[in-house]
Each structure stands twice: as structure tokens, then as C-alpha cells.
Amino acid sequence: MAITAGKFDSLELRDVGRSFGGHEALVGLDLTVRAGEFIALLGPSGCGKSTALNCLAGLLPLTHGQILLDGQRVDTLPSEKRGFGMVFQSYALFPHLTVEKNVAFGLQMRGLPRAEITQRVREAISLVKLEEHAKKLPGQLSGGQQQRVAIARAVVLEPSLVLMDEPLSNLDAKLRLDMRTEIRRLHQSLGLTTIYVTHDQEEALSLADRLVVLREGRVQQIGTPDELYDHPRNWHVADFMGYRNILPGTALDAANGTAGTERTRVQVGSMTLTGRPVGDVGGSSEVRVAVRPDDLVVLADGDAPQDGNAVTGTVAVVEYHGREFAVVVQTSDGTLLHVRTPSAPEVGDVVTLTAAGERVLVFPADLAGRPAATAPAEAVAV
Amino acid sequence: MTAPTTSGARSTASLRHRLAERGIDASLWLMVPALVFALALFVYPFSYGIGLTFQPGLATQERWGGGVFANYVAFFRDPFVFDSVWITMRLALPAALFNVLASIPVALVLRRKFRGKRFMTSVLVLPITLGTVLTAQGLLIFAGRQGWLNRTLMSIGLIDEPLQLVNNYVGVMFSLIITGFPFAFLLVSSYLSGIDPSLDAAARTLGAGWWQRFRRITLPLLAPGLATTFILTFVLAFSVFPSARLVGDAMGSTRVMSLMAFRAFGEQNDYAMASTIALMMGVVELVVVAIVLAWRSLFYKGSTGGKG
């Protein structure tokens, strides 16, 4: 009997919210998870992503909303009755029990027959390739091995949902990459449904089928990795998705650009740029201009700038990143621009940068610090 | 060091450096004050006391025989003296056990966050600041024959005769719990805070109910701490003296070993016998401590992941 995932069709979160004594940690989270999906909750620390996960696990009671599993409410069930597996950031392995007994714990709690427990524990341990460490205590294992025990302990119960709370954040960079592949492999081969919390956009983009970006307890955008990567809904999402150059500016064109193909002109300091408007960026309103470092190109002598976007500045910092260089260029008005180039300029060189208007995103400035009220609702429809 | 080292060559480091590698350096002088105190106030008097036990008084030698061991013969043969071992045990063991066991649920509850938690903790710990004498006086006033408790119970008609709560075994037990519980509670709380709370959360997500979580996770991780707490409260209770005298029945049910030692010393001027009883007190305590430590060694004692 091989380990498989518990069967269900959909998990629905309706207007889920959690406040801590007046402070709203999570507001109005609407999300429908289909069986077999890998969902990443992404956001900076304090954005409510761990709160959302703990609410799902039943470790925190909800203050608003409902959680439904195939139409049945589960938010009223205590944690131990929900049957979700959870992998903790600190692994939370029982230090006094061997690897085997850690993995067997949940099965014993269900009162399964001993023979079945032994069989399933052995399978789970071989699944994470820890056969030779089965009799060891967690303290005798490395971080990566402990992480694998934690995963085995969660999946051995064949849970309908596996919740992972920043499971890789305590590992070193190389191990993190290996374990990332391992988690995706287990997710696919066991047919798990996984909800994964992380603050690492690269991790989220590479693992998840869909991402939920949170900020200050509110959903900013829900979408597939490429949707979020290419079409961030607001500049906070853009900021989080690796648009390192986020510049304040003023819209010059009166036209309200909303469609993706339109262009609008923006004044940023002393520069005038042409970009693609996202949302309502009417004339003379304050905007944020977002450009990825890899979309900025150092212009060779004699080449024409793309879409008339040309910025001249002095090279301030050059970092070696293997195949390419991360360069910081300072413009005459003091703005710092992050650029990725295949060839290294010298510090102090004067360079001209350009970017295709398609790759220059113009967002409303959102001065209140909160996204427009309609943003989360629209995001769900994506 | 940049100099190339050939294999098997002698270390080129100075003697001072090599000693420091083994932990021998000038900072060892910081131990001198503690050593002086330990020698002057513990090692010498203790050895002197042991010496005294082998110099029995003439009366003791004549009555019990045994030469230089006459004091020990007297200790084991004289039921008036030897029974005090059981009398003390009868007080100290249940008191220590109660203090440790009662601390567990209280510490578990006070681990959670709730309004008034700090106040509750303060109230529970406050008695640690009262001396035994103050506690005894309080008990006499509160629970004596004419105390508030008896007068209240009689005035509301619950009892006809005042309850005998002091000047007996019960009084001393109360006193041991009042002074010992805060101590046990503080220790158990700190051991409990050393256990990573996410272990409990993990057990919950694995389907364990509260009793299973307590029995399978919290208790095994807490057990070494409970053993230590038990040892400390036991030793504290075993050497009970003021309350045994003030709220106990000093010649009857609370005739504890320390009272016997004091009697030999203060009333009979038999320093040798007093030393013998004091020494045997230590031996009995050591036996109990050894048994508890042996039991403790059966448990996992490593890191428990919390803030320790």
C-alpha cells in the first residue's frame, strides 16, 4: 500500500480573517484550492501569510470567515481533527523520539494496527531517503535530514492538504535548492495538495502552480507565476516580484491607459520615460514606475534607444554574478538604477540605459499605502 | 600561524600558550575567593563534624557499645532516634511530591497568555519571600483553634468543634507546601518554557488530543526537570526545622531529624551524637537523590528546542 494523498475536490477559504486585539493580521482572504494544486502564499514578514497558514491548520481560531473542504466547514474543527499535515519552519521534530517514532506518531494517534504502522513508516522514510537514519534521534541529523523527517511525518498520514511554513528558511543556499526540487517531486509523485508559505519570490515562482501575494494582511494578487511575473497588479507586487527599480514620477498624458498595449509618458526626476500603464494613471497624477534590472539595457554607441527611453548615468557599483554583472548606475539627479549586463563596465563610466516601453510598468502611486478596495476581488477572478 | 609545520614536530607555541589551551591561565585566580570560602565554611567544619561522630561520649559508649562507632550504633538501635528518619520521610516525601505534581498543571495553565497572568504568577510566588517563621506565625493565627478559619467555619455552622490544623502533622505539611510550592512552580515553569511550543502544535496537527500531547510529548521532555525539581524541594522539606517546632508536634508526629540533632546538641550537649544525626540526615537525602537521579537517567535529556 503506497502512500497517496487524501482525496478531496476543493478547499475553499471564504473571507477568512484574523485579528489580534484590534490589529488585523489577515483580512478577507478568498481562495479556492483545487486538489493537486501547489499554492504559495508569498509576502514580506508580517504580511499575514503565516497567520493564514496557522488558521488553516487550526492552530489559530478565525475571527472572520469560513474554511470549507468539499462544502463542509472545517474551521470549527480542532486542529487534531482536520487531518492536514504541517511542516514547521523549525521542523518541530520530537527530540526524544527516533526518526521512526516521529514518523509513526501520527499513525499511532489514529490507532492503526501495528503492522500497518511499521509498513507505512518504512515507506515514508524510504520516500525521503532516510533509511539508514531511521533509528537516530533528530538531534543527530543535519538540518536537511531533519527537514526530510518533518516532511515524511506530515505525508505519512496521507493528508488531504499539506501546509508548509517557510520550510527551507533554515537551510543553507545549496541545500535549499536541493530540497526545493525534493518538495516539488514529492508533491507531484504523491499527488499532494500543498500550501506553502514563503517570503522568497524565487522559491514561490519555481514551486507553485499559483501564487497568492499578501501585504499587510490583504491579498494583493492571485495568479500563476508568469502572470505575476509579467503582469503585477500594483507596484507592491512588482516590488516583490523583482522589479528592483521603482521610481516615483508624474504622469504626463491625460489619457487613462488601462489596456496592455497602450503607452503613457511619465516624468521621473529629469527624465521622460514611455511605459505601459497598469491601472488608472491619468494626467499629472503621481505614479510609480517599475523596471526589472534585466529589462534595462546598456546602450551601445550609435544605437537608438528603444521607445525613446534613454537615461544617462554614471556606473557606481559593479557586482560579479557569474554569467552577468549586477550594475548600479547613478543618474544626474541622484536616482540609483539597478541593471544586469553581460559585460562589465568600469566604475565611473558614463553609460546610457534604455528599456522597451512594454517592459516599463507605470502604476498609480497608491499614496494611502493600501491597494484599491476592488483589487483583491478582481484578483480572485484571475 | 604561517610557519610550515612538519609532521610530528613539537609545537612551537610557548608553554603559557599550551597551558591556556588546556584552560590553565591567569583567570583561574578568580576562583580563589570561592575556594577560601568553601574550605573555611564547608570543607573544614564538615570534616570536623565527621571526626566528631567517631568520638562518642562515655555515656553513649557504655549504653550502646561499639567503641568509636557507638554513635552510629545508638543511631540505628535507639528507636527514639531512628524513628525520626521515617517521621521526616513521612513529611518530606509527600510534601515534595505534592509540590512537584501540583506545579505541573498550574505551570501549564500559566504558560498560556491571558489577562491577569502576571498577577496570578505573583500571588503564587509571593510566599517564597516569607520566611518559615512568618509562615508559621501566619498559620497559627489563621488555622489555630481560635484562628479565623475555625471561627468562620463554626459561625456558619459547618463544624461544632474547632479543627485541629496546627501543632500536628497537618500544620507542618501546610507550612512545607506554602514555602515549597512557589519554588517548585518557578522551576517547573522555567523547564516548561524550555520546551518549544511548536512541538505541541506539531502533535496537534498529527491528530493528538491534549492528553496524548501531554503524555507523549510534554511529560517525557519535562521529566528530567521534574526530577531535579523533586530533588530540590525534597531536600528543602527534609531539613525542615522551624515549622516542625512552631506549627508541629515537636515530640510526636513531627519529631524530625533536624529536631533530634538540635536536641542532642542543645539539650544534651552531646555534640558527637548531634553530628552523627546531622550526617545521617545527609546520607538519607543522598540515598533519595541517588534513586531519583537513577530514574532520571532513563529519560531523554537533550535539547528541547525552546528558549531554555
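Mentor: Start with strand E13 (residues 271-277) and strand E20 (residues 361-364), both of chain A: they pair in the parallel sense over two bridges. Strands are DSSP runs of E with at least two residues, helices are runs of H or I with at least four, and both are numbered from the N terminus. Two strands pair if DSSP finds at least two bridges between them. In this pair, Arg276(A) stands opposite Leu361(A) of E20(A).

A word on conventions. Residues are numbered from 1 along each chain as its sequence is written, while chains are lettered from A and ligands numbered from 1 in the order in which they are written. The model is predicted, and local features need pLDDT of at least 70, side-chain atom pairs count only at pLDDT 80 or more, and totals for chains, interfaces and linings use all residues.

Back to E20(A). Strand E14 (residues 286-291) of chain A also pairs with E20(A), and this pairing is antiparallel, with four bridges. Here Val289(A) stands opposite Val362(A). Both faces of E20(A) are covered. Leu361(A) and Phe363(A) are buried on one side, Val362(A) and Pro364(A) on the other. Buried means 20 or more other C-beta atoms within 10 Å of the residue's own; exposed means 12 or fewer, and partly exposed lies in between, with C-beta atoms placed from the backbone.

Axes here are lines fitted to C-alpha atoms, for helices over the stretch in contact, and angles run from 0 to 180 degrees between N-to-C directions.

Leu41(A) has Val212(A) as its bridge partner in E9(A).

Next, a helix of chain A. Helix H1 (residues 49-57) is mostly covered, with nine of its nine residues buried. Among them are Lys49(A), Ser50(A), Thr51(A) and Asn54(A). Just after H1(A), Gly58(A) takes a positive phi of about 90 degrees.

Step back to the whole chain. Chain A has ten helices and 20 strands. Domain 1 covers 10-229 and domain 2 covers 245-365; such bounds come from an automatic or database domain assignment. The C-alpha centres of the two domains of chain A lie 39 Å apart. Along the principal axes, the C-alpha atoms of chain A fill a box of roughly 75 × 45 × 35 Å. Of its 382 residues, 45% count as buried. Among contacts in chain A between residues at least 6 apart in sequence, 68% join residues at least 24 apart. A contact means that two C-beta atoms, placed from the backbone, lie within 7 Å.

Chain A also touches chain B. The contact takes 20 residues from chain B and 19 residues from chain A. On the chain B side, helix H10 (197-205) and helix H11 (210-238) are the elements that give two or more residues. H10(B) gives the most, with six residues. By class, this side of chain B has nine nonpolar, nine polar and two charged residues. Ala, Val, Leu, Ile, Met, Phe, Trp, Tyr, Cys and Pro count as nonpolar, Asp, Glu, Lys and Arg as charged, and the others, Gly among them, as polar.

Helix H5 (residues 79-111) of chain B packs with H11(B) at an angle of about 140 degrees, with axes 8 Å apart. Residues in this contact include Leu91(B) and Ala95(B) of H5(B), and Phe230(B) and Phe234(B) of H11(B). By class, the contact has ten nonpolar, four polar and no charged residues.

Thr179(B) is found in helix H9 (residues 169-193). Thr179(B) counts as buried because it has 25 C-beta neighbours inside 10 Å. Not counting residues up to four places away in sequence, Thr179(B) touches Pro127(B), Thr132(B) and Thr135(B).
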